[in-house]
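Reader: I'd like to go through this model and ask what stands behind the labels. Shall we start?

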Amino acid sequence: MDRWVLLIGPRTYLVDRKMKKFSTDLGTIDLGKIKKYGQKIKTKKATFVALKPTISDVLRASKRMPQVVLPRDAASIIAETGASRGWKCLDAGGGSGFLTMFVANIVRPGKVYCYEKNEKFYKNIKKNIERSGLKNIVLKNEDARKFRERDLNLITLDMIGVEELVEKCYRRLAHGGWLAVYSPHVEQVKAVREHMDKFCCVKTIENTTRVWKVGTHTHPVPSGIMHTGFITFGRRL
Ligand SMILES: C[S@@+](CC[C@H](N)C(=O)[O-])C[C@H]1O[C@@H](n2cnc3c(N)ncnc32)[C@H](O)[C@@H]1O
């Protein structure tokens, strides 16, 4: 079994088995008694099932500092580019490390080089990565504008001023490599697209997801996150 285990009962917890015991308002869980996934563990007030966490479980439990790229947008980046096992990738800025970890999980044992210039955010990303168990992330507390990697299969950018980096990204991509830029505002999309003349397959998308309440009166849940950001893609020939 891995170090981290997902406990699902009346509530869900991602816990470190090194802790030995885990206290909740529903009673204490003796983590030493968990021997296999699927095992039931009882406390005084509840029953939990131990499961192997997926990357999505880890991300749900990870600490967010700057605004993160949500799974629907991260999934689009993977789907559009076809990112897969063995790819060499770069992500900037790291933020809370969410997009970095999502991509790293798909491309492992390929690597993701993650640049985050803010030290506080860098330290939080480091902790989030440790908890994920991913070993294929090279995290750097540096300015992404000075990145040194070459022959990259995928570059993902989510930070202010990315338009300055687009031409460098083109040169540092492998042939057929992809750039995916995440931008919350249309003005940022326009600024990025002005620098994308050399790229092929350029397109900008927005994802929306509606969650439905299903019952006697079935309808979309009236609140939720509608706009997240735009993603602009381009490919090096
Ligand atoms: C919106 S957050 C990125 C969130 C990230 N995509 C995620 O999913 O967790 C933007 C980050 O870019 C960082 N940043 C801004 N300019 C940077 C630069 N030149 N080099 C490295 N990081 C930078 C900021 O400190 C911030 O943490």
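Reader: Why is F22 called partly exposed?
Author: This is a predicted model, and the label rests on a neighbour count. F22 has 19 C-beta neighbours inside 10 Å. Buried takes 20 or more and exposed takes 12 or fewer, so F22 counts as partly exposed.

Reader: Where does F22 sit, and which residues does F22 touch?
Author: F22 belongs to strand β3, residues 21-24. Leaving aside residues up to four places away in sequence, F22 touches Y13, V15, T28, I29 and L31. A contact here takes C-beta atoms within 7 Å.

Reader: How do you know that β1 and β2 pair?
Author: Pairing needs at least two bridges, and five join β1 (residues 4-8) to β2, so the two strands count as paired. They run antiparallel. One place to look is L7, whose bridge partner in β2 is Y13.

Reader: What makes β2 and β5 edge strands?
Author: Start with the sheet: four strands form an open sheet in the order β2-β1-β6-β5, with antiparallel pairing. β2 (12-16) and β5 (40-42) each pair on one side only, and that makes them the edge strands. Neighbouring strands of this sheet are turned by 30 degrees against each other on average, direction ignored.

Reader: Why is α3 described as largely enclosed?
Author: Nine of the ten residues of α3 (residues 98-107) are buried, so the helix is largely enclosed by the rest of the structure. The buried ones are F98, L99, T100, M101, F102, V103, A104, N105 and V107. F98 also turns up at the ligand: of the 22 residues around the ligand, G93, G95, F98, A144 and M159 come nearest.

Reader: How do the residues of that shell divide by type?
Author: Eleven are nonpolar, six polar and five charged.

Reader: What makes β10 a mostly covered strand?
Author: Six of the six residues in β10 (residues 152-157) are buried. Each of them therefore has 20 or more other C-beta atoms within 10 Å of its own.

Reader: Which strands pair with β10, and in what sense?
Author: β7 (residues 89-92) pairs with β10 in the parallel sense over four bridges. Five bridges join β10 to β11, again running parallel. For examples, A92 has L157 of β10 as bridge partner, and T156 has A180 of β11.

Reader: What about β15, and how do you know that its pairings count?
Author: At least two bridges are needed. β11 (residues 173-183) and β15 (residues 230-235) share six bridges in the antiparallel sense, and five join β12 (residues 200-206) to β15, also antiparallel. Both pairings therefore count. Look at T232 in β15: T232 is the bridge partner of V181, and T204 stands opposite T232.

Reader: Zooming out, how many helices and strands are there, and what is the span of the C-alpha trace?
Author: The protein has six helices and 15 strands. Along its principal axes the C-alpha trace spans about 65 × 45 × 30 Å. Of the 237 residues, 33% count as buried.

Reader: And which domains is the protein divided into?
Author: Domain 1 covers 4-53 and domain 2 covers 58-235; their C-alpha centres lie 32 Å apart. Among contacts between residues at least 6 apart in sequence, 61% join residues at least 24 apart.

Note on methods. Residues numbered from 1 in each chain as written. Predicted model: local features only at pLDDT ≥ 70, side-chain atom pairs only at ≥ 80, totals over all residues. Near = placed C-beta within 6 Å. Nonpolar A, V, L, I, M, F, W, Y, C, P; charged D, E, K, R; others polar. Contact = placed C-beta atoms within 7 Å. Domains from an automatic or database assignment. Axes fitted to C-alpha atoms, helices over the stretch in contact; angles between N-to-C directions.
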